[in-house]
Amino acid sequence: MFESLSQRLSGTIERLRGRARLTEENIRESLRDVRIALLEADVALPVVQALIQRVKVRAVGQDVLKSLTPGQALVKVVRDELTAVMGSVNTDLNLNCPAPAVVLMAGLQGAGKTTTVAKLARFLRERKKKKVMVVSCDVYRPAAIEQLQTLAQQVEVLFFPSTGEQDPVAIAHAAIDAARKQYVDVLLIDTAGRLAIDAAMMAEIKALHAAVNPIETLFVVDAMTGQDAANTAKAFSEALPLTGVILTKTDGDARGGAALSVRYITGRPIKFIGSGEKPDALEPFHPDRLAQRILGMGDVLSLVEQVEQNVDKEKAQKLAEKIVKGKRFDMNDMRDQLQQMLSMGGLASLMDKLPGVSNLPDQVKSRINDKEVHRMIAVINSMTKKERRHPDLLNGSRKVRVAKGSGMQPQDVNKLLKQYQQMEKMMSKLSSGGIKGLMRQMKGAMGGGGAGGNFMQR
Amino acid sequence: MFKFWKKDRAPEKTPAADAASETSENVVEILPREVMQSPSLSVPADHAEVDAAIAPDSVAVEKVDGSEIDNPGKRSWRERLSGSALSRSLGSLFARKPKLDETLLDDLETALLTADVGVSATELLLENLRQRMRKREFADADGLLAALRESLLAMLAPIAVPLRIPTDIKPFVVLVVGVNGVGKTTTIGKLARRHQQEGRQVLLAAGDTFRAAAVEQLKAWGMRNQVAVISQGSGADSASVIFDALQAATSRNVDLLIADTAGRLHTQSGLMDELSKIKRVLAKLDPAAPHEVLLVIDGTTGQNAVNQVRQFSLAAGVTGLVVTKLDGTAKGGVVFALATEFALPIRYVGLGEGLDDLREFDPGAFVTGLLPANLGAE
């Protein structure tokens, strides 16, 4: 989501070429461009002004290092300042208190509070091994409580029932009692969406906060919010002692200016980002990695983590053993690989984190989806068991049969076979040369002007 | 905008609201503004700080329990919008009786950008003003303000085309689409009520089969309005629900069918294809259906709204817009960016959570709310 910002930034500094030193004059135009880029990315104006001021102070008088063009030098300053605003490390939830640890959610209507409660509950249950209970204090929106109940079932956490006639504070008190009796570790409290200027509703959440004394008060904000993010964040942070922010809907193409604004205005860390509709689409937010993503260097660390979490370790082990023993990599193995790719959130999610992808044109990016992978799996499924073990068996008439069975054309089957042969070749090298051989090969492939190198050349 | 605050204090209020609006913070905030409105006093030029301080606006004390607020003096557009950031910053700007120079234009640029008007629309407006200023068309800052008002109006005038439902089309099918959390279902509840009050027989289709309890939410709105809702429960195929609903609408001879859909981000091509499918399926029953595709846009959204309109138009052929949540501190300046980029009419705006808070878009009132004609003269 932050890619268009970086595209714009790197595009507007071309004219700085050939200067040996950054002066107030020669960066004025560029700073104006940076300002417009930030505004177009929906960063709130007060934040933009503060950022520009800081960039100016730091940039003026800087010698341009030999390895950098003046434009790159300025981008470096901008990046450093962006990183400074975003903070440098991921801040985890603080659940360090006598159980139940109470977490209160607050935000505008439609920010995604209820969905986020469910995702967070799942995150705490699965990754932190906590016993989690959720409760809804949204007594206003029709069916809000039912929504949380359904989601709680989906993510398999306890749900404390409430009704629209109850008082939010009374609901919260009852939920805390219930949580204590059932030895719950974390109680997540969902609240109604409210406008920051709605005095009655703000008084209500203040009262709720005072009554439950939460260890975490999280402000949920839509990544697509415009300039108003600054006003809203300010009002909420004045009314409530916020401890963190959750940014939702980051899987869209919003430029994410709201993240900067909210972080800057509240001074509170962004702890998680919501990145999809499924209950597992919640990621801890790593500002340092994000800054690299802004500059097209990719978020390889997150990718590695994602792979670790989702790869079926048993299957991977089996495959490794098989390869080492010198047995062939067959179609069954290929299907396992494809399925694991899908379980990691699909190609688009993986691509998003790879270096250099941000420089691809949008049309190309939009064409990358998982359809192709699903089709490949369908083709493999249409083969007989014997064919899957021995792909060499596939002659013309078998290919036609497989194509028919999977609803594809024979050339699609050929395409798949070609990809299989490439993978097989790589795997057989792996078995002969071991891991080292593979590493050497990969190094060769990446060194020759890979995507990561592109940015630096510019 | 100030008068309204006083007026609001006179009638009886809920104790909670009273307590909130009596906080010393509010009183302190109000003072500097009063000073600024009077031209005889000179004011410290630091308007930005004052702007930032005015966050809680006591205007918006309203119960949101969803029950109808039968308040005879319904708040007007102007009252609701006049607390906006744009109008506030412009108010303080012009109260200083500024000189006609580049600084003034820069300040105007800042004000427009802060209201989410967007860089290109702002540049368009300012370039026009700058040229006319060079030709010495304006006697003073007020003349320039009037010209800005005119250009804003001129931008909105062509897109203020209200939704008219012809009597010869029966049922008239409205498909409501948008990203997650913009207020589609709430808007449908309000739309149903509006058209029911205008004497039409309305039927709703619960096409959001994805989000938990979305069907229940629409049913709750239907109960409040006594409008029938066609649903198949969650997990069903959205196109099939809406197809059923159109069949039901035809056989029951209703005037208006409003179909809900699940919120979807415009970047998810699979989900966007689903919208095209809904349209295709509807066309099997009635080649002209849906007669109106309403895209709901959250008024707090920034420039991303432009991408939303573009993508939804491609997938679902949007024919009209609804801008919601304009009762907050964001005032939907992105409307201007949309007006310059697309010529899609704005059918309705959402100004609150009450059943009657959906209004037809009125550019005059919208601009007046943002930019009162007598601003700075008071």
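This is a predicted model: local features need pLDDT of at least 70, side-chain atom pairs count only at pLDDT 80 or more; totals for chains, interfaces and linings use all residues.

Reader: How many residues of chain A are in contact with chain B?

Author: 42 residues of chain A touch 53 residues of chain B. The area buried between the two chains is about 4,000 Å², with 57% of that from carbon and sulfur atoms. Ile197(A), Met224(A) and Glu277(A) supply 18% of the area that chain A buries against chain B, more than any other three residues.

Reader: Which helix gives the most to the side of chain A that touches chain B?

Author: H9(A), with six residues.

Reader: Switching topic: is strand S7 of chain A mostly covered or open?

Author: Covered: five of its five residues (270–274) are buried.

Reader: And which way does S6(A) run against S7(A)?

Author: Parallel, joined by three bridges, with Val245(A) opposite Ile270(A). Together with helix H10 (residues 257–266) of chain A, these strands make a right-handed β-α-β unit. S7(A) also pairs with S8(A), this time antiparallel over three bridges, and there Ile273(A) stands opposite Glu283(A).

Reader: Last one: why is helix H15 of chain B largely enclosed by the rest of the structure?

Author: Because six of its eight residues (334–341) are buried. Those are Val334(B), Val335(B), Phe336(B), Ala337(B), Leu338(B) and Ala339(B).

Definitions and conventions: Residues are numbered from 1 along each chain as its sequence is written. Chains are lettered from A and ligands numbered from 1 in the order in which they are written. Side-chain values use heavy atoms; hydrogens and water are left out. Buried means under 20% relative accessible area, exposed over 50%, partly exposed in between (1.4 Å probe, protein chains only). Helices (H or I, at least four residues) and strands (E, at least two) are DSSP runs, numbered from the N terminus. Two strands pair if DSSP finds at least two bridges between them. A crossover is right-handed if, with the strands pointing away from the viewer, the path from the first strand over the helix to the second runs clockwise. Contact means heavy atoms within 4.5 Å. Buried area is the accessible area (1.4 Å probe) that two parts lose on being put together, summed over both.
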